[in-house]
Structure formats: C-alpha cells, structure tokens
Amino acid sequence: MLLIYRIFSFLMIPIALIFGLMGIIIFFMAISTNPAFLLMAFVLICYTIYCFTSLQFLIKVIIQQNTVRSSLKDWIKVNAYGTAFISIMFLLSALQSFTTSDIILRQQLGNMLEPQPQLGKQISVDVLFSMFKGVSTFLLIAGSISLTHVFMSFTLLRQYSSKFITH
C-alpha cells in the first residue's frame with residue numbers, strides 16, 4: 001500500500017500545480033466578474049493544498065519517521081473532502097462521456113461549433129471529439145488516482161496517529 005501511495009503522491013503533483021494555477025486564475029475571475037466561480041476556485045485550491053500536505057505527510061512522517069504538529073493532519077483531512085468532491089465529479093463526467101454514444105457526442109460538439117463560425121473553420125468536429133475523449137480519459141485517470149489517494153490517506157493518518165503532536 002505504501003508503494004502505491006508514494007507513486008500516486010508524486011503523480012498528483014503536476015496535476016496539483018496546474019489546478020493551483022487554474023484555481024488562482026478562477027478566483028480572480030470570480031472576484032472581478034462572476035462570484036459563482038468561487039466554488040470551483042475553492043475546490044481546485046483544496047486539491048492543490050491536499051496534494052502538498054499529503055506529500056509532506058509522506059516525506060516527514062512515513063519516510064523520515066518524524067513527529068509533526070497535528071495541524072498537518074487537520075490540513076490533510078479538511079482538504080481531502082474538497083479533493084474527494086472534485087475527484088467524484090471527474091469520475092462522473094468521464095463516465096458520462098464514455099457511456100454516451102459517439103454519434104450523440106459528435107452531434108453535441110457540432111452544435112457547439114455552429115454559433116461560432118470562426119472556430120468551426122479552425123477546428124473540426126473530429127478534432128474536437130478526439131480532444132474531448134482525451135480530456136475524459138485524463139479525468140477518469142486523475143479522478144481514480146485522487147480518490148484512491150484520499151482513502152489511503154485516511155487509513156495512513158489513523159495508522160500513524162502517534163506521529164502527530166499538539167502544541
């Protein structure tokens with residue numbers, strides 16, 4: 001289990017960096033134009049914080065066997081809920097795209113291109129379809145890894161509970 005946890009922890013770091021940047025951009029967009037984007041910014045930033053705090057837990061507590069403040073455990077737990085939420089959303093989105101027929105997806109993507117004739121000249125429905133399938137595959141993999149990592153983190157936090165001290 002620890003080997004998988006280590007691998008998943010390091011696989012999630014590049015995703016966390018991208019999501020962190022996206023979260024900051026969306027946060028400023030939400031403040032300036034659309035407050036409805038605040039939830040998305042919050043969840044993306046939760047994912048980023050979770051990834052880095054769980055990596056810190058992996059390195060300091062599991063690998064180096066150090067004792068750390070219990071606030072690290074709290075940061076992991078709180079942000080794990082946001083990470084689980086976005087991971088479930090990724091999985092549902094990916095599963096929906098894979099269970100929808102290709103004909104319907106192509107039609108919906110074509111309908112998206114119709115009101116934007118300039119975009120329709122630059123990108124075809126086939127290219128958009130393959131990009132959509134690629135993003136769906138990424139979301140399926142990222143969501144599966146992240147959700148598994150969250151469950152493993154909760155198990156390991158209980159297992160290493162003696163390594164957290166309160167000050």
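Cys51 is buried, with a relative accessible area of 2%; buried means under 20% relative accessible area, exposed over 50%, and partly exposed in between (1.4 Å probe, protein chains only). The model is predicted: local features need pLDDT of at least 70 and side-chain atom pairs count only at pLDDT 80 or more, while totals for chains, interfaces and linings use all residues. Residues are numbered from 1 along each chain as its sequence is written, and side-chain values use heavy atoms, with hydrogens and water left out.

Cys46 is likewise buried, at a relative accessible area of 4%. A disulfide is a covalent bond between the sulfur atoms of two cysteines, and the criterion used here is a pair of cysteine sulfur atoms within 2.5 Å. The sulfur of Cys46 has its closest cysteine sulfur in Cys51, 11 Å away, which is too far for a bond. The structure holds 0 disulfides.

The aromatic residues come next. Rings of Phe, Tyr and Trp (its six-membered ring) pair if their centres lie within 6.5 Å; planes under 30 degrees apart count as stacked, over 60 as edge-to-face and the rest as tilted. The structure holds 6 aromatic pairs. One of them joins Phe19 and Tyr47, with 5.0 Å from centre to centre and 65 degrees between the planes, an edge-to-face arrangement. Phe19 belongs to helix α1 (residues 2–32) and Tyr47 to helix α2 (residues 38–63), so this pair ties together parts that are 28 residues apart in sequence. Helices (H or I, at least four residues) and strands (E, at least two) are DSSP runs, numbered from the N terminus. Phe19 is buried at 6% relative accessibility, and Tyr47 is buried at 0%. Another edge-to-face pair is that of Phe57 and Tyr160, because the ring centres are 6.3 Å apart and the planes stand at 85 degrees. Phe57 is in helix α2 and Tyr160 in the loop between α6 and β2 (164–165), so the pair ties together parts that are 103 residues apart in sequence. Both Phe57 and Tyr160 are buried. Phe19 and Tyr47 also form one aromatic cluster with Phe90.

Helix α4 can be read by its faces. This helix has 12 residues and reaches 16 Å from its first C-alpha to its last, close to the 16 Å expected at 1.5 Å a residue; the expected span is 1.5 Å times one less than the number of residues. Leu105, Leu109, Gly110 and Leu113 of α4 are buried. Seen down the axis of α4, the buried residues fall within an arc of 135 degrees, so they line one face of the helix; the arc is that of the directions from the helix axis to the C-beta atoms. Ile103 and Gln107 are exposed on the other side of α4.

Lys133 bridges to Asp102, with the closest N and O atoms 3.6 Å apart. Here Lys133 lies in helix α6 (residues 125–159) and Asp102 in helix α4 (residues 102–113), 31 residues apart. Lys133 counts as buried at 18% relative accessibility, whereas Asp102 is partly exposed at 39%. Asp126 and Arg106 meet in a salt bridge at 2.5 Å, N to O. This pair links Asp126 in α6 with Arg106 in α4, 20 residues apart. Arg106 is partly exposed, at 32% relative accessibility. Arg106 also lies over the face of Phe129, 4.0 Å from the ring centre; a charge sits over a ring if NZ of Lys or CZ of Arg is within 6 Å of the ring centre and within 35 degrees of the ring normal.

Note on methods
Salt bridge = Lys/Arg side-chain N within 4 Å of Asp/Glu carboxyl O.
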